[in-house]
Each structure stands twice: as structure tokens, then as C-alpha cells.
Amino acid sequence: MSDNTLPPTPKEFWSDVWKEGVIRFHQKDYNQAMVHFFRDIDLKNKTVLIPLAGKTNDILFFLEKGAHVTAIEFYEGAVMAFFNENNIPFTKKDHTYSGQNITFYAGDFFDYKNHIPFDVMYDRASQVVFNQENRPAYYAHMSTLIDKHTILFLGAIDHQGPHDYGPPFKISPEEVMSAYKNMGIFLEMVSSQMNAASEKMQAVGIEEVQTYFLSNIQ
Ligand SMILES: C[S@@+](CC[C@H](N)C(=O)[O-])C[C@H]1O[C@@H](n2cnc3c(N)ncnc32)[C@H](O)[C@@H]1O
């Protein structure tokens, strides 16, 4: 169970998203920015953290590179779907599903503990789950899982619309950089793309969305 002092995460929202199958964030193919970034980086036997992972197939990319992946996703149906859809046999103990070189924690990010900092942290669309009020708790917990030697590659979105519109909530690259700078980690822009906003966003006056990725290695 989550510590009551932590801000609530909108679990009902995400449970409904999964139950209704409206998982527009899910990509069938590997994220191309991620593939491009890691293509020449040796990940053999490296430990990779993927927070708020959904059932992302990007896990498979890291496996192919010889890494050990730890993914975290509270919606258990998504975790099972990942293993079943990819025909990966797994065993289950308490909240943890294990198979090949994957440890998939089916629980709340804030409940996941690890004593050794991960070698790599890949985050696509996890910061955007939290609004401005809840984000400091996310970064505080993230700081217990990584350190300044961890290779980070992380992506979020920004736009001209209101801060309280979401999820996904917008975050400026400067805010992400500042949150990680407080952990002694210095991020720089790796890629940035402007795209037309979804119909839902356009209905509230958001025309374009910036999708960007940052890293502490260039
Ligand atoms: C926008 S999706 C991104 C999924 C994945 N990173 C991807 O690229 O496909 C956010 C995911 O976070 C999960 N989630 C939300 N709050 C969470 C929490 N507190 N702990 C663990 N997972 C959470 C949701 O169920 C959802 O699958």
C-alpha cells in the first residue's frame, strides 16, 4: 500500500484507460528516438529501469541489447498482456513477474524499492502522468533509484495550453532539467519535434505539441 503522506496518483483514471482499451500512448514499434539514442551504447548486463511502463515493447529492445530490465506498472492486466502478447514465459511471486531478463513489478511506482542505483533509466511518458503538484514526489522517489552515474533518456511533452490540462500533463524541458539537476544530474536536449495536437487537445485550444527527449550523455 502507498504511504498516506504521498500524493494520490490517479489510478482510477489509468485503470479505466486500460479497461476500456483506449491506450493511445502504446506504440507497437520501438520508439525511434530511443533506438537512435541507444544504438551504439553497450548495454550488455546493464540494469535498465523503465518506470510506468504500460506494456511497452521497448522492453524487448533492451533485452536484445543484453540488458536486465526492471519495469514498473501498477495495472496488472498490462503486465500480463506484455508477457502473453510477446510469448515470454514468466513466473510470479507477490507483485513481481519474472521472465527472461525482465523483472516486472506490478505495483505502484512509489512502493517500488531498490538499493542499488540502476545503470540506465528510460522514461517515455511517465512524468506526464503527474500534475505539477504531484511531480515533486515522483522526482523524490526517482532519486532513490538512480544516481549521477545512471544514463538517463527521458521524454515528455510541452505545449501552450494550461498546466492543469491532462493527463498527459505538460512539462517544460527546463522543469525536467531543474528537477534532475537537484539530484546532481545534468540533462540536455537530445531531440525535439513539434506535431499537431490531438483533436481532444485542439478542442481546448492547444494547436501544437512538442515531444522531446533529454539525456545526461550526448
Ligand atoms: C502514458 S502511459 C505510458 C506507458 C509507457 N511508458 C509507454 O511508453 O507506453 C503511463 C502508464 O503509467 C501507469 N501508471 C500511472 N500511475 C502509476 C503509478 N503510480 N505506478 C505505476 N504505474 C502507474 C499507467 O497505468 C500507464 O500504463
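A residue is classed as buried if 20 or more other C-beta atoms lie within 10 Å of its own, as exposed if 12 or fewer do, and as partly exposed in between, with C-beta atoms placed from the backbone. The model is predicted: local features need pLDDT of at least 70, side-chain atom pairs count only at pLDDT 80 or more, and totals for chains, interfaces and linings use all residues. Residues are numbered from 1 along each chain as its sequence is written.

Helices (H or I, at least four residues) and strands (E, at least two) are DSSP runs, numbered from the N terminus. In helix α4 (residues 76-85), the buried residues are Ala78, Val79 and Phe82. They lie on the same side of α4 because they cover an arc of only 105 degrees around the axis, the arc being that of the directions from the helix axis to the C-beta atoms. Exposed Asn84 and Glu85 sit on the face turned away from the buried side of α4. The buried residues of α4 pack against α1 (11-20), α3 (58-64), β4 (96-99) and β5 (102-105), contact being C-beta atoms, placed from the backbone, within 7 Å. Asn87 follows α4 and has a positive phi, near 50 degrees.

Nine strands form an open sheet of mixed pairing, in the order β3-β4-β5-β2-β1-β6-β7-β9-β8. Two strands pair if DSSP finds at least two bridges between them. β3 (91-93) and β8 (188-196) are the edge strands, each pairing on one side only. β8 and β9 (residues 208-215) pair in the antiparallel sense over eight bridges. Asn195 has Val209 of β9 as its bridge partner.

Key. Two residues are in contact if their C-beta atoms, placed from the backbone, lie within 7 Å.
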